[in-house]
Amino acid sequence: MQFTDLKAQYAALKPSIDARIQRVLDHGQYILGPEVKELEEALARFTGSRHCITVASGTEALLIALMALDLKPGDEVITTPFTFAATAEMIVLAGCRPVFVDIEADTCNIDAARIEALVTPRTRAIMPVSLYGQVADMDEINAVAARHGLAVIEDAAQSFGAVYKGRRSCALSTFGATSFFPSKPLGCYGDGGALFTEDDRLAQAAREIRVHGQSARYTHTRLGVGGRLDTIQAAVLLGKLERFDWELERRAAIGARYERLLAGVAGAERVVVRPDRNSVYAQYTVKVAARGEIQAALQAAGVPTAVHYPKPLHRQPAYAQHAGTDPCAVSDREAARVLSLPMSADLTEADQDRVVEALRQALKAAAGSPSPAAGAARVTA
Ligand SMILES: *Cc1c(COP(=O)(O)O)cnc(C)c1O
């Protein structure tokens with residue numbers, strides 16, 4: 001069993017993906033070829049955004065968004081510590097200071113109610129993360145931003161395709177930034193990402209920054225990066241888009257089935273999805289005590305798992321200096337409990353049943369024999 005089954009997906013899409021890659025090899029426009037424009041138009045339509053700018057990765061999307069906003073050294077960007085490092089990493093690389101705000105215990109997304117207290121005269125932007133595939137409280141976050149004149153960048157690396165109050169992730173704020181890393185809900189066969197915005201001026205800035213700040217060939221009007229999406233990756237993504245709606249339906253059905261099956265498993269708490277939005281389940285994540293023991297038992301039973309993420313960023317050596325006034329105690333607690341189970345559109349019911357049964361057995365065994373690991377987990381919980 002695979003944690004993310006990319007082979008079954010390729011088998012289903014092989015004729016189309018192969019033909020699209022071959023077309024790029026034939027026309028030879030490897031950089032910003034026609035597939036890139038075609039993809040940008042398709043993604044803008046799909047999300048309901050005015051502009052889509054494809055870029056080299058999700059990380060690059062975050063950096064280019066921050067650069068397009070013209071932030072100054074020392075400006076503050078409010079974000080969550082319960083995320084992949086790239087979120088805060090790009091804030092620091094852009095010369096700004098990440099200000100960490102704790103998460104909600106049930107969704108693991110940034111707690112929007114805690115943001116406004118941390119706004120200072122130096123705050124310029126808020127960067128929420130739509131974690132595990134569920135959009136953060138964007139209406140509340142946008143309202144705080146509007147009151148204080150801040151930009152909002154949704155780190156939508158895990159939520160491409162998710163719906164929030166009838167609108168798509170990526171089209172909900174100043175910028176939406178997503179990733180096409182292979183295992184993300186929409187992935188290519190290498191690195192890739194995209195930015196979305198309604199703002200013509202910001203879209204133009206992002207397009208220029210993507211190509212070394214060029215407003216015309218060899219006219220560098222601003223600082224930029226080498227941040228384009230390869231034409232071949234655009235071709236792969238156009239192939240994948242052909243069954244993406246079907247994949248989203250499958251992900252929803254598999255997620256709902258996990259919910260039903262796990263409701264009967266003692267000790268497996270689920271991440272809550274709010275009723276006014278869905279999750280595309282970039283990760284299907286549960287919370288367990290004695291995680292180390294459970295993960296080892298699952299591995300022995302042939303069930304791959306992962307931890308997103310074992311250590312929140314305010315505890316990471318590179319970011320500890322940015323630990324601020326919010327103690328982020330909920331992030332600490334949840335980081336010790338979260339465990340992601342196999343999830344992809346091609347996960348079979350038989351494999352899903354095996355995952356749930358193995359988890360049930362592992363939890364039963366862990367509850368029966370308190371080990372040092374279980375004791376340690378209880379102390380931090
Ligand atoms: C994957 C991810 C990124 C980085 O995307 P890359 O395409 O790997 O650079 C950023 N933020 C979050 C929350 C992610 O999950």
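Okay, let's start at S57, which caps the N-terminal end of α3, with a side-chain oxygen 3.3 Å from the backbone nitrogen of T59. Keep in mind that this is a predicted model.

So what about the helix itself? α3 covers residues 58-68, and ten of its eleven residues are buried, so the helix is largely enclosed by the rest of the structure. The buried ones are G58 and then the run E60, A61, L62, L63, I64, A65, L66, M67 and A68. Just past the end of α3 you reach D70, and that residue takes a positive phi of about 60°.

Let's go through the polar side chains. D155 has a polar side-chain atom 2.8 Å from a nitrogen of the ligand. On S179, a side-chain N or O atom sits 2.6 Å from a ligand oxygen, and for K184 the corresponding distance to a ligand oxygen is 2.9 Å. As for cover, the ligand has 380 Å² of accessible area on its own, and the protein covers 93% of that.

Last stop, the surface. L25, Y30, I31 and L32 make up a nonpolar patch there, with about 360 Å² of accessible area together. Take L32: you'll find it in the loop between α1 (6-27) and α2 (34-47). Its relative accessibility is 35%, so L32 counts as partly exposed.

Conventions: Residues are numbered from 1 along each chain as its sequence is written. This is a predicted model: local features need pLDDT of at least 70, side-chain atom pairs count only at pLDDT 80 or more; totals for chains, interfaces and linings use all residues. Side-chain values use heavy atoms; hydrogens and water are left out. Patches are made of residues with over 30% relative accessible area and no salt bridge: like charges are joined within 9 Å, nonpolar side chains (Val, Leu, Ile, Met, Phe, Trp, Tyr) within 5 Å. Accessible areas come from the Shrake-Rupley method with a 1.4 Å probe; for residues, only the protein chains shown count as cover. A salt bridge is a side-chain nitrogen of Lys or Arg within 4 Å of a carboxyl oxygen of Asp or Glu. Helices (H or I, at least four residues) and strands (E, at least two) are DSSP runs, numbered from the N terminus. Buried means under 20% relative accessible area, exposed over 50%, partly exposed in between (1.4 Å probe, protein chains only). A polar contact is a pair of N or O atoms within 3.5 Å; within protein, one must be able to donate a hydrogen and the other to accept it, and residues adjacent in sequence count only if both atoms are side-chain atoms.
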